[in-house]
Amino acid sequence: MAIKIGDKKSAITEERLRQITEYMDIGTEYRTDDISALIGLKASRVRELLKILVERDVIRVSGKNKNRRYQKKEQRDNHI
């Protein structure tokens, strides 16, 4: 059975989300540019991924616009 394009994109997105959460230390604040430089994606794509992680309650956000920072939450089961 062939892999559908949507399934492949979902798998890639999940891998990127995993990379971001593995990079982040609990209690440390990160800017979009910090994460972008690490995983080699444009800042706009990183913002989309960070939004997903905020919606999943894995990370918290503070500040607005250029002062926005992201911080990994401490959770027992930090599943993406």
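Here are some notes on the sheet, the core and a few residues of this predicted model.

1. Ground rules. Residues are numbered from 1 along each chain as its sequence is written, and side-chain values use heavy atoms, with hydrogens and water left out. As the model is predicted, local features need pLDDT of at least 70 and side-chain atom pairs count only at pLDDT 80 or more, while totals for chains, interfaces and linings use all residues.

2. The sheet. It is open, with three strands in the order β1-β3-β2 and antiparallel pairing (strands are DSSP E runs of at least two residues, and helices H or I runs of at least four, both numbered from the N terminus; two strands pair if DSSP finds at least two bridges between them). The edges are held by β1 (29-30) and β2 (59-62), each with a single partner strand, so one side of each lacks a neighbour in the sheet.

3. The β1 pairing. Strand β1 runs antiparallel to β3 (residues 69-72), and two bridges join them.

4. Helix α3 (residues 43-55) lies across β2 and β3 and runs at about 115 degrees to β2 (axes are lines fitted to C-alpha atoms, for helices over the stretch in contact, with angles from 0 to 180 degrees between N-to-C directions; contact means heavy atoms within 4.5 Å).

5. The core. Which residues touch the most other members of the largest nonpolar core? Of its 14 residues, they are I20, M24, I35, L50, L53 and I59 (such a core is a set of buried Ala, Val, Leu, Ile, Met, Phe, Trp, Tyr and Cys residues joined through side-chain atoms within 4.5 Å). Helices α1 (5-23), α2 and α3 each supply at least two residues of this core, and α3 gives the most, with four.

6. I35. Leaving aside residues up to four places away in sequence, I35 touches I20, Y23, M24, Y30, V46 and L50.

7. The tyrosines. There is one aromatic pair: the ring centres of Y23 and Y30 are 5.2 Å apart with planes at 55 degrees, so the pair is tilted (Phe, Tyr and Trp rings, the six-membered one for Trp, pair if their centres lie within 6.5 Å; planes under 30 degrees apart are stacked, over 60 edge-to-face, the rest tilted). Y30 is buried at 7% relative accessible area, whereas Y23 is partly exposed at 28% (buried is under 20%, exposed over 50%, partly exposed in between, with a 1.4 Å probe and protein chains only).

8. S36. This serine sits in helix α2 (residues 32-39) and is buried, with a relative accessible area of 12%. Not counting residues up to four places away in sequence, S36 touches L41, K42, A43 and V46.
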